[in-house]
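Here is a friendly walk through a structure, in questions and answers. Have a look at the sequence and the model, then read on.

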Amino acid sequence: MSRAARNEPNGAECADGANTNGASGAGPQIAERYMRVTARETAFKVIFASNFTGEISRGTARALYKSEKLTEDDIEYANKVLDLVEMHWNEYSAIIDRLSRSFPEVRIFPADRSIMLLAMAEIYGFDDIPDVVSVNEAANIASKYSSEKSASFVSGILGEVIKEKRE
């Protein structure tokens with residue numbers, strides 16, 4: 001009996017429209033997109049922890065990479081994100097503070113700040129990731145890990161980041 005006949009889902013959809021059910025013959029490209037979601041969430045967790053420790057912990061990163069079973073490509077992606085966030089933390093934080101006019105950066109939830117830092121690393125440092133995908137994925141992470149209003153707040157700030165980048 002087919003999945004449709006049993007009324008089963010074909011797999012979750014990523015923000016970029018990729019179906020996560022790589023095992024059903026969707027191919028390695030789909031599986032690769034899905035794994036990027038896991039790598040992105042793993043990088044978010046490391047950045048989030050750094051809000052409390054004051055530094056990006058490579059030990060925490062390695063432990064999470066292992067527990068999430070990230071591929072070498074995913075680890076390379078996550079390490080690049082972490083490097084960019086570490087190098088540009090103050091710059092990205094200043095942009096967040098300036099763009100969140102009525103909501104100073106120090107009052108932003110640490111999860112939201114971490115999500116925006118990750119997305120800004122992608123927006124400024126990854127030419128192969130469309131800006132809109134970075135914003136959509138950030139909104140998805142905010143929906144999963146932060147408050148109910150966070151996705152729209154994060155999307156709004158990141159939309160302004162993209163607008164300024166293009167000017």
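**Helices and their contacts**

The chain's secondary structure amounts to seven helices and zero strands, where helices (H or I, at least four residues) and strands (E, at least two) are DSSP runs numbered from the N terminus. This is a predicted model, in which local features need pLDDT of at least 70, side-chain atom pairs count only at pLDDT 80 or more, and totals for chains, interfaces and linings use all residues. Residues are numbered from 1 along each chain as its sequence is written, and side-chain values use heavy atoms, with hydrogens and water left out.

Q: What percentage of the residues of the chain count as buried?
A: Buried means under 20% relative accessible area, exposed means over 50%, and partly exposed is in between (1.4 Å probe, protein chains only). The chain has 167 residues, and the part that counts as buried is 41%.

Q: Among contacts in the chain with a separation of 6 or more, what share comes from residues 24 or more positions apart?
A: A contact here means heavy atoms within 4.5 Å. Of the contacts with a separation of 6 or more, the share from residues 24 or more positions apart is 64%.

Q: Is α3 roughly parallel or roughly antiparallel to α4?
A: Axes are lines fitted to C-alpha atoms, for helices over the stretch in contact, and angles run from 0 to 180 degrees between N-to-C directions. Angles under 35 degrees count as roughly parallel, over 145 as roughly antiparallel, 65 to 115 as roughly perpendicular and the rest as oblique. Helix α3 (residues 58–67) packs with helix α4 (residues 72–99) at about 155°, and their axes are 11 Å apart. Therefore α3 relative to α4 is roughly antiparallel.

Q: Which residues in α4 do Arg58, Ala61 and Tyr65 in α3 meet?
A: The crossing of α3 and α4 is right-handed; a crossing is left-handed if the near helix is turned anticlockwise from the far one by less than a right angle, and right-handed if clockwise. On the α4 side, Arg58, Ala61 and Tyr65 of α3 meet Ile75, Ala78, Asn79, Leu82, Asp83 and Glu86.

Q: Is Val46 buried or exposed?
A: Val46 sits in helix α2 (residues 28–53). Beyond its neighbours within four places in sequence, Val46 contacts Ile56, Ser57, Thr60, Ala61, Leu64 and Leu82. Its relative accessibility is 1%, so Val46 counts as buried.

Q: What distance separates the C-alpha atoms of Glu41 and Lys144?
A: Glu41 belongs to helix α2 and is buried, with a relative accessible area of 14%. Leaving out neighbours within four places in sequence, Glu41 is in contact with Ile141, Lys144 and Tyr145. Although Glu41 and Lys144 are 103 residues apart along the chain, their C-alpha atoms are separated by 9.9 Å.

Q: What is phi of Lys69?
A: Lys69 lies in the loop between α3 and α4 and is exposed, with a relative accessible area of 67%. Most residues other than glycine have a negative phi. Lys69 is a residue other than glycine with a positive phi, near 55°.

Q: How many of the 16 residues of α5 are buried?
A: The expected span of a helix is 1.5 Å times one less than its number of residues. For helix α5 (residues 110–125) that comes to 22 Å, which agrees with the 22 Å between its end C-alpha atoms. α5 is mostly covered, and its buried residues number 14.

Q: How do the residues of the contact of α5 with α7 divide into nonpolar, polar and charged, and what are the counts?
A: The axes of α5 and α7 come within 10 Å and cross at roughly 30°, which means that α5 is roughly parallel to α7. Residues meeting there include Ile115, Met116 and Ala119 in α5 and Phe153, Val154 and Ile157 in α7. Ala, Val, Leu, Ile, Met, Phe, Trp, Tyr, Cys and Pro count as nonpolar, Asp, Glu, Lys and Arg as charged, and the others, Gly among them, as polar. The contact of α5 with α7 divides into 12 nonpolar, one polar and two charged.

Q: Is α6 roughly parallel or roughly antiparallel to α7?
A: Helix α6 (residues 131–145) and helix α7 (residues 150–166) have axes that come within 8 Å and cross at roughly 160°. That angle makes the arrangement of α6 to α7 roughly antiparallel.
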